[in-house]
Each structure stands twice: as C-alpha cells, then as structure tokens.
Amino acid sequence: MKTVNKTGLAGAGVFSAIAASLCCITPVLALISGASGMASAFSWMEAWRPYLIAVTVAVLVFAWYQKLRPIPDSSADCACETDEKPSFLNTKAFLGLVTILAFLMLTFPYYGQFFYPKTESQSTTIVPPRNVEQIQFKVEGMTCESCQAHIEHSVKKLPGIVRVEANYTDGTATVQYDPSKSNKGQLVSAINETGYKVQTELSNK
C-alpha cells in the first residue's frame, strides 16, 4: 500500500507541474505538430499557475518526507517483514527523477523560447528606412516568453519583415515591415494563425 501511495504522490506532483506550465508548453507543441491554432488553447490556465506550483511543491515535499522519515521501531516486529528489494517506483532514485522532471516543467516558461528555430526575415534586401513602417497590435492570449517566440516566428515568415517584437507582459506585438511586400492584413493573419488574437491596432508609424 505504501508503494502505491508514494507512487501516486509522485504522479500527482508531475501532473500538477505539467498543468502549471501547460499554457507555455502548448505553443511549442503546436509548432512541432503544425497545429499552430492550438497555441493559446490553455492560456486561461495562467491565472491558476501560482496555485498549481504551490500544489506541486507541497506534494513533492510531503513525498520526500514520507520517503526520508525514520521507520518506527514497532515495524521491526512485523511478522511479514521480508528482505525483498523495493520496486524502482518506491525508491529515492525514482522520486529524485520525478522531482527533476517537475522542476523542468515548472521552469519551462523561462527557457521554452529556445525550442523555436531561428527564423530570419524573408526579405533578402536591405529596406531603406524611408520605406519601413512600424505598427503595433494589442494581442490577446500571451502568457510567457514561449508565446512571444511563437508570434515572432510566425510573422518573420512574411516577406519584407524588418523586425518583430512581441511582449507578453503588456500584450503587444510591434512589427517593422516594408508595406510594399506585406500588408497589415497579412500581419494580423500571421498573428491570429498562432492562436493568439489581435484585438486592436495601437499605433501605425
């Protein structure tokens, strides 16, 4: 019974860790699978992230407590005691692996952007400054740096893009582009195809 309980605790810790970072894992999975529209499917979970992190930490701390606490002397008198080795699922090594996996999941939002390939602008010529326009959009659904990278990756595929910078903290995407090669509608479509939605145009210079 103890093995089942401890394994269940480990599983609960990993599950809550994955859930806490699902809003940022999904954009990477969307890029890999090609289903870019699913990128923002779990952005609503961002509000629950602090609570899920707390649950993950609490579960793992309790699991380690259960594993490391001294065994009561009374258990030595148990007639059913055996010298059998515990299963791997009931070892410190397994719990250690679970803890590392949970840590990697919880910190995913801070390194997830590195999974995106470096996408250069489709423009092969230097655009004269007088031909460059800048536009800024208010974008709904971004929750972390992975979201930013997903939008930037999508917009850079368009021709004539000089620079694109998305910012999840203020929910904006700023694009410098050559309007003779790409238009505002294409920019909006490129952003919307990621699953994040352009709400409004904030500025156009």
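**Overall fold**

The model is predicted. The chain holds 6 helices and 4 strands. Read from the N terminus, the order of elements is α-α-α-α-β-α-β-β-α-β. Of its 205 residues, 40% count as buried. The accessible surface comes to about 11,900 Å². Carbon and sulfur atoms account for 62% of that surface. Now take the contacts between residues at least 6 apart in sequence: 76% of them join residues at least 24 apart.

**The nonpolar cores**

In soluble globular proteins, nonpolar side chains tend to be buried together. Which residues touch the most other members of the largest nonpolar core? They are V139, I151, V155, I161, V175 and L187, and the core has 19 residues. Several elements give two or more residues to this core: β1 (133–140), α5 (145–155), β2 (161–167), β3 (172–177) and α6 (184–192).

V155 shows the packing in detail. Set aside its neighbours within four places in sequence. V155 is then in contact with I161, V164, V175, L187, A190 and I191.

F88, L89, L97, I100, F103 and L104 make a nonpolar patch of about 600 Å². Where is F88? F88 sits in the loop between α2 (49–68) and α3 (92–106). Its relative accessibility is 48%, so F88 counts as partly exposed.

**Salt bridges**

The chain has 2 salt bridges.

| Salt bridge | Closest N–O distance |
|---|---|
| R163 and E165 | 2.4 Å |
| K184 and E201 | 2.8 Å |

K184 lies in helix α6, and E201 lies in strand β4 (residues 197–204). The pair therefore ties together parts that are 17 residues apart in sequence.

Are the residues of these pairs buried, exposed or partly exposed? R163 has 38% relative accessibility, so R163 counts as partly exposed. E165 also stands at 38%, and E165 is partly exposed. K184 is partly exposed, with a relative accessible area of 38%. E201 has 31%, and E201 is partly exposed too.

Conventions. Residues numbered from 1 in each chain as written. Predicted model: local features only at pLDDT ≥ 70, side-chain atom pairs only at ≥ 80, totals over all residues. Heavy atoms only, no water. Patch = residues over 30% accessible without salt bridge, like charges linked within 9 Å, V, L, I, M, F, W, Y side chains within 5 Å. Areas by Shrake-Rupley, 256 points an atom, 1.4 Å probe, with all protein chains shown as cover. Salt bridge = Lys/Arg side-chain N within 4 Å of Asp/Glu carboxyl O. Buried < 20%, exposed > 50% of the residue type's maximum accessible area, 1.4 Å probe, protein only. Core = buried A, V, L, I, M, F, W, Y, C linked by side-chain atoms within 4.5 Å. Contact = heavy atoms within 4.5 Å.
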